[in-house]
Amino acid sequence: MQSPLRHGRAALGTTIAGGALAALSQAPERASRLLRHRYPTVAVTGMTGVGKTRLVDRLARRASTQAEGAQDVGSAVMERRTRRDARMRGYRFRVVPGENAATRLGALDEVFHDEPVDGVLHVVAHGHATPRRTAGTTGTAVATREEQLAAELEDWSITAHRIAGMAVRRDRPTWLIIAVTKADLFADDVDAAVDYYSPGSGSPFGDKLDELRALAGGAKLSIDVLPVCSQGGGRKSSMPDKACTDLLGRLELRMAQLSGHV
Ligand SMILES: Nc1nc2c(ncn2[C@@H]2O[C@H](COP(=O)(O)OP(=O)(O)O)[C@@H](O)[C@H]2O)c(=O)[nH]1
Ligand SMILES: [Mg+2]
């Protein structure tokens, strides 16, 4: 869809100087279409502590900025990362701050309304989000896995509504990948975890996905559920680093397919 601004600019060009200027006035639009094709934007959503920043840093081939052990601070601002490869293709990631951040609503508006993204990577951790204290409180944050799963579900309800709203407003399809991260923490349970987050599974999360698909229309939204981890255990663990790297590779391949990169 063209914005009124672009219509206006193109029309002005045509009336004032004809061809050349009109072509020039359309150049930014063509450039932005090319940029979108080569560097699609990806919203990265999910509750605080679930592993969004770590995952995007891996996907963007970026060394984690935060020192080990000192990183359990939720981000209050939208994080932006760009992945570039040798063929000038990649992604522009927009990491939406988790539920404790005051800036969250604005960030959700930006990625799902103002500058709607091409795809969504929704990150979940099967109840293994790292609990974080709300700013200004003291003491160790603790939450049971059940509480974490409930919080994930609540977070997902909000995001799913935003995705549905974006999908129905546009002609081209939107892609959604549910990235089930921290698989190293439930290495023997990965299939059950993926099932819990899958459409048609009958789980609370699956039911919400079914609702989303019904709202958005099946042809308008593709949904994949992929296990992943940003850091593996030792060589003897059931999810060594190499296994994590393989899972990351599968996620990258799927994103590339959905983006027309391969
Ligand atoms: N075991 C394990 N821990 C992870 C993984 N990904 C992230 N973490 C840890 O989970 C915590 C939260 O991660 P972070 O990316 O900051 O979460 P965010 O709030 O969603 O951005 C950090 O302590 C990370 O080290 C993973 O794949 N496996
Ligand atoms: Mg973060």
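A crossing of two helices is left-handed if the near helix is turned anticlockwise from the far one by less than a right angle, and right-handed if clockwise. Helices (H or I, at least four residues) and strands (E, at least two) are DSSP runs, numbered from the N terminus. The model is predicted: local features need pLDDT of at least 70, side-chain atom pairs count only at pLDDT 80 or more, and totals for chains, interfaces and linings use all residues. Residues are numbered from 1 along each chain as its sequence is written, while chains are lettered from A and ligands numbered from 1 in the order in which they are written.

**View 1. Helix H5 packs against helix H7 in a right-handed crossing.** Helix H5 (residues 145-169) and helix H7 (residues 204-216) have axes 9 Å apart, at an angle of about 15 degrees. Axes here are lines fitted to C-alpha atoms, for helices over the stretch in contact, and angles run from 0 to 180 degrees between N-to-C directions. H5 and H7 are therefore roughly parallel (angles under 35 degrees; over 145 is roughly antiparallel, 65 to 115 roughly perpendicular and the rest oblique). On the H5 side, look for Leu 153, Trp 156, Ser 157, Ala 160, Ile 163, Ala 164, Ala 167 and Val 168; on the H7 side, for Pro 204, Phe 205, Lys 208, Leu 212, Leu 215 and Ala 216. Two residues are in contact if their C-beta atoms, placed from the backbone, lie within 7 Å. The residues of this H5 and H7 contact divide into 12 nonpolar, 1 polar and 1 charged. In these classes Ala, Val, Leu, Ile, Met, Phe, Trp, Tyr, Cys and Pro count as nonpolar, Asp, Glu, Lys and Arg as charged, and the others, Gly among them, as polar.

**View 2. Helix H4 also meets H5 in a right-handed crossing.** The axes of H4 (residues 104-114) and H5 cross at roughly 25 degrees and come within 9 Å. That makes H4 roughly parallel to H5. Leu 108, Phe 112 and His 113 of H4 touch Arg 162, Ile 163, Gly 165 and Met 166 of H5. By class, this contact has 4 nonpolar, 2 polar and 1 charged residues.

**View 3. Helix H3 (residues 52-59) is mostly covered.** Of its 8 residues, 6 are buried, namely Lys 52, Thr 53, Leu 55, Val 56, Arg 58 and Leu 59. A residue is buried if 20 or more other C-beta atoms lie within 10 Å of its own, exposed if 12 or fewer, and partly exposed in between, with C-beta atoms placed from the backbone. The cover over the buried residues includes strands S1 (41-45), S2 (79-84), S3 (90-95), S4 and S5, and helix H8 (241-258). Just after H3, Arg 61 takes a positive phi of about 55 degrees.

**View 4. Ligand 1 sits among 20 residues.** Gly 51, Lys 52, Thr 53, Arg 54 and Cys 229 come nearest; a residue is near a molecule or strand if its C-beta atom, placed from the backbone, lies within 6 Å of it. The shell around ligand 1 has 3 nonpolar, 12 polar and 5 charged residues.

View 5. His 126 is buried, with 25 other C-beta atoms within 10 Å. Leaving aside neighbours within four places in sequence, Ser 201 is in contact with Asp 195, Tyr 196 and Gly 206.
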